[in-house]
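Let's take a walk through this structure together.

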Number of protein chains: 4
Amino acid sequence: MIVVMEKGVSQEKIEDVIGLLESKGFSLHLSQGVERTIIGVLGDKTQKGDLALEALEGVEKVVPILTPYKLASREMQAEDTIIQIGDVKIGGKDLQVMAGPCAVESREQIMEIAEIVKKGGARIMRGGAYKPRTSPYSFQGLEEKGLQYLAEAREATGILIVSEVMDTRSVEILANYVDILQVGARNMQNFALLKEVAKSNKPVLLKRGLAATIEEWIMAAEYILAGGNKQVILCERGIRTFENYTRNTLDLSVVPIIKHLTHLPIIVDPSHGTGKWRLVNPMAKAAIAAGADGLIIEVHPDPSTALSDGPQSLKPEKYMQLMQELEQMAGIMGRSLKPSVNLHKTGTEG
Amino acid sequence: MIVVMEKGVSQEKIEDVIGLLESKGFSLHLSQGVERTIIGVLGDKTQKGDLALEALEGVEKVVPILTPYKLASREMQAEDTIIQIGDVKIGGKDLQVMAGPCAVESREQIMEIAEIVKKGGARIMRGGAYKPRTSPYSFQGLEEKGLQYLAEAREATGILIVSEVMDTRSVEILANYVDILQVGARNMQNFALLKEVAKSNKPVLLKRGLAATIEEWIMAAEYILAGGNKQVILCERGIRTFENYTRNTLDLSVVPIIKHLTHLPIIVDPSHGTGKWRLVNPMAKAAIAAGADGLIIEVHPDPSTALSDGPQSLKPEKYMQLMQELEQMAGIMGRSLKPSVNLHKTGTEG
Amino acid sequence: MIVVMEKGVSQEKIEDVIGLLESKGFSLHLSQGVERTIIGVLGDKTQKGDLALEALEGVEKVVPILTPYKLASREMQAEDTIIQIGDVKIGGKDLQVMAGPCAVESREQIMEIAEIVKKGGARIMRGGAYKPRTSPYSFQGLEEKGLQYLAEAREATGILIVSEVMDTRSVEILANYVDILQVGARNMQNFALLKEVAKSNKPVLLKRGLAATIEEWIMAAEYILAGGNKQVILCERGIRTFENYTRNTLDLSVVPIIKHLTHLPIIVDPSHGTGKWRLVNPMAKAAIAAGADGLIIEVHPDPSTALSDGPQSLKPEKYMQLMQELEQMAGIMGRSLKPSVNLHKTGTEG
Amino acid sequence: MIVVMEKGVSQEKIEDVIGLLESKGFSLHLSQGVERTIIGVLGDKTQKGDLALEALEGVEKVVPILTPYKLASREMQAEDTIIQIGDVKIGGKDLQVMAGPCAVESREQIMEIAEIVKKGGARIMRGGAYKPRTSPYSFQGLEEKGLQYLAEAREATGILIVSEVMDTRSVEILANYVDILQVGARNMQNFALLKEVAKSNKPVLLKRGLAATIEEWIMAAEYILAGGNKQVILCERGIRTFENYTRNTLDLSVVPIIKHLTHLPIIVDPSHGTGKWRLVNPMAKAAIAAGADGLIIEVHPDPSTALSDGPQSLKPEKYMQLMQELEQMAGIMGRSLKPSVNLHKTGTEG
């Protein structure tokens, strides 16, 4: 940390800062230039509590040098984290696609989509049983019944299940049914929930908050890691900007950034990231080209009657076509998308 | 709702839209212009479930006409909501200031600040016992012990207490100790929490999410109102923009907008809204000039050692000075800030 | 400037950075901590050309310590700049209001509004003769004829004139007619234009770009100051955010920030800053409460037929009422708004 | 256009709106629902001047139905615009890469980079002779001398030249030297400049403003088209968001959106769009995967000493590698990147 003092500040105020820092056990390094006095502070801030040096008069600004996250950083772990669930690996050479409806609507819907999802080659199905809706008057999800349908679909097809948890009180029940717990964008800084999913032994898909900086997002992952759960998958789903043609602005540059700063896998959600089905195909391909480890995509047999997020859902045939195009893209990126043939076999056996 | 069809769209696709809408029981109104076919849709969407017309081919866009909120709207209730707690009214002629530390740090700290807060003329004290912190390594709050200190301070001074609730599981315990439950910016769309505080009989201070549109914010209030709790106080605390000199960009224009669109009281938080103590005084005055019903301000006897948010906390003497300046501002705005004299008497009696 | 090297970087890469910096004549200060090597760089970067240290491998980040502006800073000039035009002072104790239509539409319109503006107590009239319009199909302004009408209005009423310049080729002609040259938000970083107005001897009203950081805005002023024109007035007019209920988000916190960082006067434009006439009155008062040196406000006798920006224009009676309310606000802020009486006399004499 | 009246508005106010609209020659369509009266307005607004209906009391909002642009729209022209300069086509099956330094620094630099650029397979070289710099103390460009060097490099290599024009007064001189005129992000709404480049017969590369909506950007193109110049190439170069790890947030979703809404070619600038050389390679590939017609990339033999934008410039070997990877990407996208072999031959002949 570097403390920059105001120009022409009194010696007394400089000593106030030095005194406070030394009382906390930091080593200091004073540099008195012509324009500014600068105090270099050595030592790990996370071990010594918070400081509010900017509250002291005479302090112009405080510049952090070290990143505030430790466990998530590449410095802590150089090799990529690979999360394995059964024979599905997330974060390795294989690309993983999570496909399915925004919301679980009925048993029939889920069984139908599960077959489609699997036929297309995805190995994980998404589907919300507890839905975060902007309006209290919108469909709020089938809750536990929805989870049961998802579990049934897994039984029938062998496909894995990811579903969102919104309440600390539901973590346990979700963990009983699904393979991956999703923490949604609106709950990225629901710290009580982060602490709770950290106690579960399930992998967590952590979506980026709609106005979260990259550092805040990594810090949210750090909560889960620090709570003892090492299986965190990050998911870019678009950020809020001034542009309103799209629902969100999908920020694909975070893919190589997250790969550079952390060892965690990252996938991309082009459905929420754009809000328009027309844009899902090109942005899905762009995400893989940028280096993403996978995708989460909304698929619905009849988007116009979907109880949630229909405008951004792909029809089955468009999903199938996308999966084929992604296979080519995976190839030139040195990745692979598991062939649907093998999956089908697993399916019939399952 | 208006459905705008693409130019040159086939009659068949128009009929698909009409069919879907009629099947949901809407009355329609077709207008076939030279450039576009437009379908006017009459009827209350909230009563008929969600629709995803944009998922249909040939639909260019869907334009909502009615606001999605009902209970919060001025149309539903023309007169201002006034929330009364003891003899303190929020939303009426009196301005209310909620002052105190970001976090409850110790019994001594709270008792000391309670006296200062009261002496300055504020009638409500803020103080966090459960703290939402970006880092898992930062001070997370004293939890129930912190609430006990706050309750003690109320005993001693007669001042009311507002404190943040972060977890559905803590609503009940918070409600036992405090007068106003605060839902923080990061939890504005924690819908499980909104539903839970709606069941409490305590007033709720609902902070605007850091990237929440005005409509989303009102919809979050609507969750609480729809859940049966009519006592909602909105709080502007700055939004996230590209500007980084300040912690957030305080959006004062929402004050007259909220007054225009809703009947709910609105207060402003210039401490979080700017992140810098230097800016608290001018922005507090500006908030009152814009028509706010009150303020929430961080005050700390020694900001540089505060365990949270020191850089934006006022020292006691700066708080006292601000309260005096606010009295003048209240005067020309036709509002009043209760004189500290009376309060003191109440205090000694209490 | 502080150069932070990556963790575990080789000695060779550290020496590459040191070599480059020393070759540019900087004094260095090396600090090798456990986590990072940090290189403190002393000396004025502006004197030694640009550097792109981040392009070197092994460099994690470069942190600037000094502000990039010099002439605009409080450090360069401690006392406020006061700009005087005739007996009108901008930046001193008097608040100045610039009022008038968005666009000059006709001679009659301008003569009528000039009387209204003056009667309300403003001493400066705004009116665009060259209009920046988003659409090529919108009214683009009366150009030189518009300037002539403005000059006539000044003749008749004694009121000063501010009008926008959009093209380097028009600076001279504008300077012949008006008292203050306005550089609009969209041209805040039109550097050719900034250099050209710097050569004029007219005061320049420099609007903040709609996505300009505070530092970029001050740097735009620095262009004008560095070009030899010391008469720069800053104008906050709202920034672009995700919120779309308003045309822009008026950022009033910049008022005390600009006062802290620079010696330049700052005024606020609540008309463009909100885009809605209903919000002009409360935000105008809030701006003065935040410490602004004045306002620029759109006034039009018949806003619904205005050729530009009608929705945000005040009708004459609402302008009159606002001016009265502002007088009270000026009073408690220790400022004054010149009484219309004196102005009228000047007018009849002029 | 749809005019939505406030709830419970008087008949008189409705008639005011109707009267104003009829006086302008619009056909109307009144719909009086239970909740709102809605007035549908038929006719082309662009032909009938501006209207400020929101300035009328009783009007809640005005909702546009038609896009404000005509010439740029797919409705006006269904097939893609292909811009041909010599044998180089922009917007067709061939991908075009524009590569080179941010600024022209010297004759030697330009001749050296031109060879590199060409060797890598790009057919167009970028290089700024007039530089828009945030600071007046930064290198401002070699001006006409820089243009001469660029022209010399074209002579020597056969490569085409694109360079930025910043001032209406320089359009003619630029047009004498370069093949494509660039209008930079900061000048996207410099309407005087747009009108001036519209008069030139050179293709214009129009960068998206850093806070420009898609609609504003297309409207800027519309200025050039309406001025008689049909050769407009759009360029996404990142928008300003709250995220500061990158210089800008590259918005790749605009690629398929622009292709959907307009017939104009669009290229992407991953150098400015990220500000970091590490991110250029993945984002360049992602741009092509999203459907872009080409790229503009900064290449510099020694980025750390570049006079401008070094941190985002690729070294020659990284540029060469990227071009090879792009060829593969072009292949699966059904596009082609011209082989360097042929180019070289043209070069030696030229």
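Which residue of chain A forms a salt bridge with Glu196(B)? The partner is Arg169(A), with the closest N and O atoms 3.1 Å apart. A salt bridge here is a side-chain nitrogen of Lys or Arg within 4 Å of a carboxyl oxygen of Asp or Glu. Six salt bridges are found by this rule across the interface of chain B and chain A.

A word on the model: it is predicted, so local features need pLDDT of at least 70 and side-chain atom pairs count only at pLDDT 80 or more, while totals for chains, interfaces and linings use all residues. Residues are numbered from 1 along each chain as its sequence is written, chains are lettered from A and ligands numbered from 1 in the order in which they are written, and side-chain values use heavy atoms, leaving out hydrogens and water.

Back at the interface, chain B brings 53 residues to the contact and chain A brings 52, where contact means heavy atoms within 4.5 Å. Together the two chains bury about 4,600 Å², 52% of it on carbon and sulfur atoms. Buried area is the accessible area (1.4 Å probe) that two parts lose on being put together, summed over both. In chain B, Asp50(B), Tyr137(B) and Ser304(B) lose the most area to chain A, together 14% of what that side buries.

Now turn to chain C. Seven of the eight residues of helix α7 (254-261) of chain C are buried, so this helix is largely enclosed by the rest of the structure. Buried means under 20% relative accessible area (1.4 Å probe, protein chains only), and helices are DSSP runs (H or I, at least four residues), numbered from the N terminus. Among the buried residues are Val254(C), Pro256(C) and Lys259(C). Their cover includes α9 (277-289) of chain B and α6 (214-226) of chain C.

How values were computed
Buried means under 20% relative accessible area, exposed over 50%, partly exposed in between (1.4 Å probe, protein chains only). Helices (H or I, at least four residues) and strands (E, at least two) are DSSP runs, numbered from the N terminus.
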